[in-house]
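Me: I've got a model open and I'd like to talk through its contacts with you. Can you take my questions one at a time and show how you get to each answer?

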Amino acid sequence: MDLNVVSSEYWLGETNYSYLNTRVRAMESNLFRSDVYMKLLNMEVSQIARFLGEGNYKEEIESLSREYRGVELIEHSINKNLGKTYNKLIKMSGKKASKYAFAILTRWDIHNIISVLRGKYSKATAEEIERTLIPIGELPFSLIQSLVKIYGYEDVIKRLKKIEQFDFLDETKGIADIESELFKMYYKKILETFKKENKSLFIQFLRTEIDIINIKNIMRMRRYGFAIEEEEKNMVEGGLFLNIENLSSLLREPEKEFLKRIKKTPYGSIIEKHWQEKTLFYLEESLEKYLMECAKEQFIGDPFTIMPVLHYIISKKIEVENIRKISRGKASNLEIKIIEDSLVI
Amino acid sequence: MPQIKPTRSELIKLQRKIKLSKTGYNILKKKRDGLVMNLFGMVKDAKEAQETLEESYEVANRYLGMTIAFEGEINVASCALIKKGTPQFQLESKNIMGVQVPKISELSFKKGINDRGYSILSTSSKIDETVEEYEKVLEYVAKAVEAESTLKKVLNEIEVTKRRVNALESKIIPKLESQKKFIDFRLEELERENKFRLKMIKDKKSKKSS
């Protein structure tokens, strides 16, 4: 499973945009088109696995087929393929991509660290924890695996504190607080890294993502209630249209006023469409779909910049998520319409 | 009936036993009928609880399926790692016509989103809603268990009561009555023998005197 991911700053070479752009365009041409998804929607899980095994995911499907079966084989293979692709891409992109590599790959580090900490907190077995890890990230995967072998929750945090980017962690805090801090610190560090490029498309994307995370969380807090001390923990600073003060007042607004104010943002129409629904399921799905579509549209820019790479990264992520939604949806007997509506095509 | 002494005191004891058995028989019969009448309501409750449980389990599974599809199995498994302890409930008992049945109270399976262990920032409402559905399932499991074990206990009690009523009706009371009849017969016979003996003595005395 180890893809030998090492911190990007150590191994990246010089950036050659014309070479990079040609390679990325070639890689983009291998991504699934909308008609492939329609074909996958009409297949059974085993047929989807066979189809993937005959194409771009052949290597991963073959290497993991002894360990996993059916839909699990598909999910683990696409994750492994995503890790391999990102690694290849960042290596190709050179030194100018290192901060983007940090921004993109650290998300998986956070996922992996949170999984290890959750497992340690509830005293899960090493096997249970390992099944939740994804071999992608800025940190070497072997480091993540070594954390699983450390005895307790506090010991894992003490080990993490030795890594510069996680030195803010406090082993006396509960798991939920640590999770929130990891996320907030992640966005804070990225926004700091890209401080000078405040109007770059990548930052616009990140800030839109922060807005969407905050909207999703205030919708959850409005629905389930919240304690004042929890409010701040659940919001991330740096949104594009909504800052913490706006969010805090939105959280307390009555229904009509909330809708009136949120309509002034680009997310208003999505929220209004799903407002009457009993579940937040489809609202969240629509907001995430909006984010992905925005990124896909925005990251088409100058070929002599990092934009084509970012476009490919998003497109690949969308492809992997679409395959997962189709295969998992099929395995759970979800209606084709629900799966189809959730796809970003 | 060799073991029964055909005495008057034994007869009095038997009469008391018969009276007690008949009273017990009437009470048990009423208890059996009462339990049978209650049973219909309990069967309905247990059936409803079972149906609700099945429906809620189906809904929860559907939510889980959707969450796994949209969030990925790895993310859901990661959230599941945080499971906090075993669900707790208070087990009491209540009395239905002398039958002690379990009563599950203080069902506190529902937790607020801030009490589930995970952070709101690192999860989505899909996880919340799935957890909420499974919390409902746990509640319905407890209700179904309560209804089903009540039903089993009451059914068992009806069976025991039925056997007791039948035993009293067709074995104990008839046996006691036949014993009473035997003693009555023996006492009557003894009386007749006594009368006959006295008559004989009287006849002998009168013959001697004449």
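Me: Which residues does Ser125(B) touch, leaving out those up to four places away in sequence?
Reply: Bear in mind that this is a predicted model. Ser125(B) sits in helix α3 of chain B. Its contacts, sequence neighbours up to four places away not counted, are Arg220(A), Leu280(A), Phe281(A) and Glu284(A).

Me: Is Ser125(B) buried or exposed?
Reply: The cut-off for buried is under 20% relative accessible area. Ser125(B) has a relative accessible area of 0%, so this residue is buried.

Me: How much area is buried between chain B and chain A?
Reply: The contact draws 52 residues from chain A and 34 residues from chain B. Carbon and sulfur atoms give 59% of the buried area. The total for chain B and chain A comes to about 3,600 Å².

Me: How many salt bridges does the rule find across the interface of chain B and chain A?
Reply: One pair that meets in a salt bridge is Glu73(B) with Arg328(A), at 3.7 Å from N to O. Across the interface of chain B and chain A, the rule finds 6.

Me: Which helix gives the largest share of the side of chain B that touches chain A?
Reply: Polar contacts across this interface come to 22 residue pairs, both partners at pLDDT 80 or more. On the chain B side, α1 (8-71), α2 (73-80) and α3 (125-209) each supply at least two residues. The largest share is 9 residues, and it comes from α1(B).

Me: Which residues are linked in a network of salt bridges?
Reply: Side chains of opposite charge can pair when their charged atoms come close. Here the linked residues are Lys216(A), Glu284(A), Glu285(A), Glu288(A), Lys325(A), Glu71(B) and Lys126(B).

Me: What is the N to O distance between Glu171(A) and Lys161(A)?
Reply: A search of the whole structure turns up 33 salt bridges over all chains, and Glu171(A) with Lys161(A) is a salt bridge too. The two are 10 residues apart, with Lys161(A) in helix α10 and Glu171(A) in the loop between α10 (153-161) and α11 (175-193) of chain A. Glu171(A) is at 17% relative accessibility, so it counts as buried, while Lys161(A) at 30% is partly exposed. Their N to O distance is 2.8 Å.

Me: How far apart are the closest N and O atoms of Arg252(A) and Glu231(A)?
Reply: Arg252(A) lies in helix α14 and Glu231(A) in helix α13 of chain A, 21 residues apart. Arg252(A) is partly exposed at 45% relative accessibility, whereas Glu231(A) is buried at 8%. The closest N and O atoms of this salt bridge are apart by 2.5 Å.

Me: Where in chain B is Arg116(B), the partner of Asp128(B)?
Reply: Asp128(B) and Arg116(B) form a salt bridge, with the closest N and O atoms 3.8 Å apart. Both residues are buried. Asp128(B) is in helix α3, and 12 residues away Arg116(B) is in the loop between β2 (99-105) and α3 of chain B.

Me: Why do the buried residues of α4(A) line one face of the helix?
Reply: The buried residues of helix α4 in chain A are Val45(A), Ile48(A), Ala49(A), Leu52(A) and Gly53(A). Seen down the axis of α4(A), they line one face because they fall within an arc of 135°.

Technical notes: Residues are numbered from 1 along each chain as its sequence is written. Chains are lettered from A and ligands numbered from 1 in the order in which they are written. This is a predicted model: local features need pLDDT of at least 70, side-chain atom pairs count only at pLDDT 80 or more; totals for chains, interfaces and linings use all residues. Side-chain values use heavy atoms; hydrogens and water are left out. Buried means under 20% relative accessible area, exposed over 50%, partly exposed in between (1.4 Å probe, protein chains only). Helices (H or I, at least four residues) and strands (E, at least two) are DSSP runs, numbered from the N terminus. The arc is that of the directions from the helix axis to the C-beta atoms. Contact means heavy atoms within 4.5 Å. Buried area is the accessible area (1.4 Å probe) that two parts lose on being put together, summed over both. A salt bridge is a side-chain nitrogen of Lys or Arg within 4 Å of a carboxyl oxygen of Asp or Glu. A polar contact is a pair of N or O atoms within 3.5 Å; within protein, one must be able to donate a hydrogen and the other to accept it, and residues adjacent in sequence count only if both atoms are side-chain atoms.
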